[in-house]
Amino acid sequence: MAGITVACVLADRGWRVTLVERRRWLGGRASSFLDPVVGHHVDLGQHVLMRCFTAYLGLLERLGIRDKVFLQRRLEVPLVEAVTGRRGVLFSQPSLPSPLHLSASFLAYPHLTLREKVRALRGILSVRGADRLRQRDGLEGITFRQWLETHGQTPRIIRHLWEPIILGTLNALPHQVSAMMGIMVLQEALLAGPHTADMGWARTPLSPLLEEAVRRHLARRGGTVLTGVAVARLMWEAERVKGVALADGAEITATAVVSAVPWDALPHLLGPGWAEHPFFAPVRRLKGAPILNIHLWYDRPVMREPFVGFLNSPMQWVFNKSALWSLEGPGQHLSISISGAEAYVGKSQEELEAIFREEMEHLFPLARRARLLHFRGVLMRNATFCPAPGVEALRPPQATPIPNLFLAGEWTRTGWPSTMESAVRSGLLAAEEVQRRFL
Ligand SMILES: Cc1cc2nc3c(=O)[nH]c(=O)nc-3n(C[C@H](O)[C@H](O)[C@H](O)COP(=O)(O)OP(=O)(O)OC[C@H]3O[C@@H](n4cnc5c(N)ncnc54)[C@H](O)[C@@H]3O)c2cc1C
């Protein structure tokens with residue numbers, strides 16, 4: 001997404017761009033693959049956006065595919081407590097100013113007692129009032145859980161209110177993320193305005209969403225897209241980058257090179273000398289966090305709503321892909337999304353199937369009578385970087401000490417967590433730096 005953004009923005013500004021992608025398709029982590037059993041595209045992972053993803057939505061506009069993404073008219077998130085079956089809905093009332101837009105939903109929220117709600121409200125107001133830019137150093141030095149505890153939040157409130165929000169947005173638990181990032185997502189998404197957290201998703205699988213539009217956009221501007229070939233290394237001329245050498249032996253010379261690979265792929269491209277340079281070396285200390293997606297195909301519908309979240313269940317979110325993508329019946333395709341999925345690393349497909357088939361039958365009575373036609377678990381180990389305390393200092397800016405080498409990628413310094421929004425923002429920043437250097 002970051003590389004696509006740089007390529008499209010610079011092509012719009014008159015640069016002749018070559019976009020090189022190692023895989024046979026575009027989109028990186030936000031992409032899909034063809035499942036041979038069902039014969040259609042399956043996303044590597046369910047990708048959710050929010051209305052506050054202004055840069056991402058801007059990229060879709062630029063590519064002419066904004067209509068391929070659905071956005072809720074108002075935030076509405078069904079949440080079920082898995083043990084009791086009690087159901088609550090987190091919703092926004094857009095007619096009220098923030099944070100009152102959440103008040104009715106908060107009062108009706110069944111997973112906290114009245115006493116806990118009073119405490120939680122104090123926590124929400126503290127988040128809203130935190131001056132995160134002024135307190136940056138302090139907030140970067142502690143975990144969000146520590147911050148919540150010092151603001152009166154009990155373990156039960158953390159578990160039933162803060163944890164699902166933080167896990168869903170940061171792919172880690174409150175004790176694993178910095179207070180800075182916890183406060184950032186809450187302020188920017190939930191509390192910035194009555195519509196900023198409206199949720200959305202692609203109406204089609206992720207790769208077809210982008211592929212054709214990007215190729216068309218670049219081709220019309222004299223650009224080239226090379227897929228299925230990796231950049232093997234950067235080519236150097238004194239202290240500048242001369243271009244890139246591809247794995248198939250071809251070489252591309254360039255005025256400027258923007259690396260938009262994930263953080264763990266960068267050191268290899270730089271080579272041992274530059275990878276140890278104080279500007280690049282901290283990148284090696286970024287750590288990835290896994291996400292597991294379970295795809296299930298039933299012979300009949302087992303779920304009615306487009307998506308639902310669960311508390312106290314291994315299934316955190318279940319998305320009804322048939323509804324999201326308007327697929328015709330008679331069967332149903334569901335996708336279970338599990339963030340912070342360390343516990344599942346190394347598990348076989350059979351083990352995953354046993355766990356999630358049983359949980360589905362427990363939480364969706366209709367699944368007990370349905371036949372599971374196909375099961376597929378996809379675990380992405382480095383789905384996101386973990387925004388632990390101190391991580392902001394490891395994220396480099398987009399301009400590097402090498403005058404014609406630039407960085408993009410959601411992990412570069414954008415102030416945002418590992419999201420499509422951060423990827424696009426990084427691409428916009430990198431494109432700006434390229435323009436600035438070559439004015
Ligand atoms: C399962 C899952 C669920 C997620 N859910 C969400 C979500 O709900 N909402 C959200 O906003 N974000 C979500 N994310 C995170 C989001 O996908 C990423 O933050 C974002 O896509 C990162 O974009 P990027 O362009 O920076 O990196 P990438 O998408 O990783 O792109 C880097 C590209 O570089 C290519 N590459 C690597 N090495 C080379 C080389 N040597 N030569 C050429 N190409 C190379 C890779 O193949 C890749 O295509 C999720 C991620 C995963 C994995």
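1. In this predicted model, helix α2 meets helix α14 through Thr54, Ala55, Tyr56 and Leu59 on the α2 side, and through Met420, Glu421, Val424, Arg425 and Leu428 on the α14 side. By residue class, this contact divides into 6 nonpolar, 1 polar and 2 charged.

2. How do the axes of α2 and α14 lie to each other? They come within 7 Å and cross at roughly 70°. Angles of 65 to 115 degrees count as roughly perpendicular, and α2 and α14 are therefore roughly perpendicular to each other.

3. The crossing of α1 past α2 is left-handed.

4. Which residues make the contact of α1 with α2? From α1 come Ile4, Thr5, Cys8, Val9 and Asp12. From α2 come Leu59, Arg62 and Leu63. The division here is 5 nonpolar, 1 polar and 2 charged. Leu59 of α2 takes part in this contact and is also among the α2 residues that meet α14.

5. Turning to the strands, β10, β11 and β12 form an open sheet in that order, with antiparallel pairing. Strand β10 (231–237) and strand β12 (251–253) stand at the edges. Each has a single partner strand, so one side of each is left without a neighbour in the sheet. From one strand to the next, the twist averages 30°.

6. Strand β11 spans residues 240–246 and pairs with β12 in the antiparallel sense over 3 bridges. What is the bridge partner of Val244 in β12? The partner is Ile252.

7. On the scale of the protein chain, the domain assignment gives domain 1 (2–24 + 56–64 + 210–286 + 396–437), domain 2 (92–197) and domain 3 (288–385).

8. How far apart are the centres of domain 1 and domain 3? Taken over C-alpha atoms, 33 Å separate them. The two domains do touch: 8 residues of domain 1 are in contact with 5 residues of domain 3.

Note on methods
Residues numbered from 1 in each chain as written. Predicted model: local features only at pLDDT ≥ 70, side-chain atom pairs only at ≥ 80, totals over all residues. Heavy atoms only, no water. Pairing = 2+ DSSP bridges. Helix = DSSP H or I, 4+ residues; strand = E, 2+ residues; numbered from the N terminus. Axes fitted to C-alpha atoms, helices over the stretch in contact; angles between N-to-C directions. Left-handed = near helix turned anticlockwise from the far one by under 90°. Contact = heavy atoms within 4.5 Å. Nonpolar A, V, L, I, M, F, W, Y, C, P; charged D, E, K, R; others polar. Domains from an automatic or database assignment. Parallel < 35°, antiparallel > 145°, perpendicular 65-115°, else oblique.
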